Amino acid sequence: MYIRTTTTRSASSGESYVTHRLVASRRVGGKVRQVTLLNLGRHFELPKERWPDLCARIEQLLGAQTPLVPLNVSDAVERLAQRYAAQLVAASPPPPPLEAEASGSETAQPPSFVEVAPESLQFVQPRSVGVEHAALSAMQALDFEALLASLGINGIMRTAIIASIVARMAAPGSELATHRWITGTSALGELLDADLSGLPLWRLYKASDVLLAHQEAIEQALFARVQSLFGLAATVTLYDLTNTYFEGEQRSNEKARRGHSKEQRTDCPLLTLGLVCDESAFIRRSRVFAGNAVEGRTLAEMLAGLGAPAGALVVMDRGIATAANLAWLAEQGYRYLVMSRGSARHFDLEPAESISTSDGGTVSLQRELSEDETEVRLYCHSPARASKERAMDERFCQRFEAGLSRLAAGLTRARGERSKALIDERIGRLKASCRGAAQHYTVTLDTDASATQVTAIRWEKTPRANSRVTHPGVYCLRSNELSWDAERMWRTYVMLTDLGAVFRSLEE
């Protein structure tokens, strides 16, 4: 057994390329001939000096007896040997039937059991299979492979696409991490009846390009099948945005722009991801916007052409709930349920009703009708959210007071800064870094007769009325759906949080 290189010319393009084949010498009809056992393809990257080790190891694995002296080969050679030996075993013809079976005798029965020495068993290349089987069952119910075939995608690329999607469902990550999972962790190849151990990394990148080219057709077809399968009514639409960043400069990517990063990466170009889901969190539409896209200006583009029935409810976060968007939704016949963009807070616990949340906590709800009776305002108070906001405000207030104390201490030092203009500038920077804590303080600068030198810095904490400090854990929902009660409004809105898991998967 050895490896031979063969130069082949493409019939379509005329291009010449080199393929590698695993061959063996066999006596056929009294003559010794070279028989190709496996075609190793064009991308066989094992160094030539390792070829004899690979062939010897394959022969050992195919042998009927355990070798007395096992070969000491590298991990790369061992992986290839295990893969090629398994392919040869799978491709070998079945053994001939027993003589009794061939003659149709009913007396001879194959043995019902065999004895195996436990110490002779070897646990080689363990693979996962559970999540793969569940994912493939879901794809089969949706006729996903038939959908890809109808789009003109060939069999090899369909296999790569399915493998990539299953890997993202099981272990979300980059193409490189996905490739490691497919080739080194999963038994997906056995379930697909395909050799995925030699799947090249570039094919996963190509699979993403093919999916992107057919994105709209795939999204529409899959959601239609999901609707039919589960009998869903397209009455609620969830819409939210997030963004992710690139490590490189991405000069050739027109949509990579610097903007407000939700991961606080001000040094990297961004992409904005938009997602529309139904109330069961099934994706209806997705879009990639430029990194500097203004959230409030993306709604009409995403909802246009969805085919949602008149009166469908649109649920979205406060970043998208601009006055212009709410007016547009009303004009198009949509209902809306959004987080209010107003900063003023108020809440009266006495008339509020309390409900239980899925995590065992409670939320208090206070429903009010607007003065013109066109909207419902739902004021919500969450003890868990209040505790979190209170801790955040305390931290920023302490940071603000510590900064003022440092400026005041500098006035007492011989070479400390006393210029009123410079101290005003430093206080301004301090306010910007303390996330709104300064609005709860009254800061007074005492100056000398020239009003250019500061002699003292005094401050007093005066919490702003109807703010997060005075009403922690309070937020307001608004909707033009007047018939719903408080609990239904709140539980419908919190479905928007289900998009968080989807976004985390997309970002990875």
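# Reading the assignments in a predicted model

Tutor: There are zero disulfides in this structure, which is a predicted model.

Student: Is C434 buried or exposed, and how do you know?

Tutor: The relative accessibility of C434 is 0%. Buried means under 20%, so C434 counts as buried. The cysteine C277 also has a relative accessible area of 0% and is therefore buried.

Student: Which residues of α13 are buried, and what do they pack against?

Tutor: The buried residues of α13 are A386, E389, D393, F396, C397, F400, G403, L404, L407 and G410. They pack against strands β11 (376-381), β12 (441-447), β13 (454-461) and β14 (474-479), and against helix α14 (420-433).

Student: Why is A451 called partly exposed?

Tutor: The relative accessibility of A451 is 43%. Partly exposed covers the range between the 20% limit for buried and the 50% limit for exposed, so A451 falls into that class.

Student: Which class does Q250 belong to, and why?

Tutor: Q250 has a relative accessible area of 30%, so it is partly exposed. Q250 sits in the loop between β4 (236-245) and β5 (270-278), and, although not a glycine, it has a positive phi of about 55°.

Student: How do you know that β2 and β3 pair?

Tutor: The threshold for pairing is at least two bridges. Strand β2 (residues 16-28) and strand β3 (residues 31-41) are joined by nine bridges, so they pair, and they run antiparallel. Opposite residues include R27 with V32 of β3, and L22 with L38 of β3. The two strands form a hairpin with two residues between them, where G29 in the turn has a positive phi of about 60°.

Student: What makes β1 and β3 edge strands?

Tutor: The open sheet has three strands in the order β1-β2-β3, with antiparallel pairing. β1 (2-9) and β3 each have a single partner strand, so one side of each is left without a neighbour in the sheet. Neighbouring strands in this sheet are turned against each other by 45° on average, direction ignored.

Student: Which helices lie on these strands?

Tutor: Helix α1 (residues 51-62) lies across β1 and β2, at about 115° to β1. Helix α2 (residues 75-91) packs on the sheet and touches β2 and β3, with a direction of about 120° to that of β3.

Student: Why does the pair of R335 and G311 count as a polar contact?

Tutor: A polar atom of the R335 side chain lies 2.4 Å from the backbone oxygen of G311. The cut-off is 3.5 Å between N or O atoms, so this distance lies within it. R335 is in strand β8 (residues 335-339), and its contacts beyond four places in sequence are T235, G311, A312, L313, V314, N480, E481 and W484.

Student: Why is S164 called buried?

Tutor: S164 has a relative accessible area of 6%. That is under the 20% limit, so S164 is buried. S164 is in helix α6 (residues 155-170) and, leaving aside neighbours within four places in sequence, is in contact with T178, I182 and L204.

Technical notes. Residues numbered from 1 in each chain as written. Predicted model: local features only at pLDDT ≥ 70, side-chain atom pairs only at ≥ 80, totals over all residues. Heavy atoms only, no water. Buried < 20%, exposed > 50% of the residue type's maximum accessible area, 1.4 Å probe, protein only. Helix = DSSP H or I, 4+ residues; strand = E, 2+ residues; numbered from the N terminus. Contact = heavy atoms within 4.5 Å. Polar contact = N/O pair within 3.5 Å; in protein donor to acceptor, adjacent residues only side chain to side chain. Disulfide = S-S within 2.5 Å. Axes fitted to C-alpha atoms, helices over the stretch in contact; angles between N-to-C directions.
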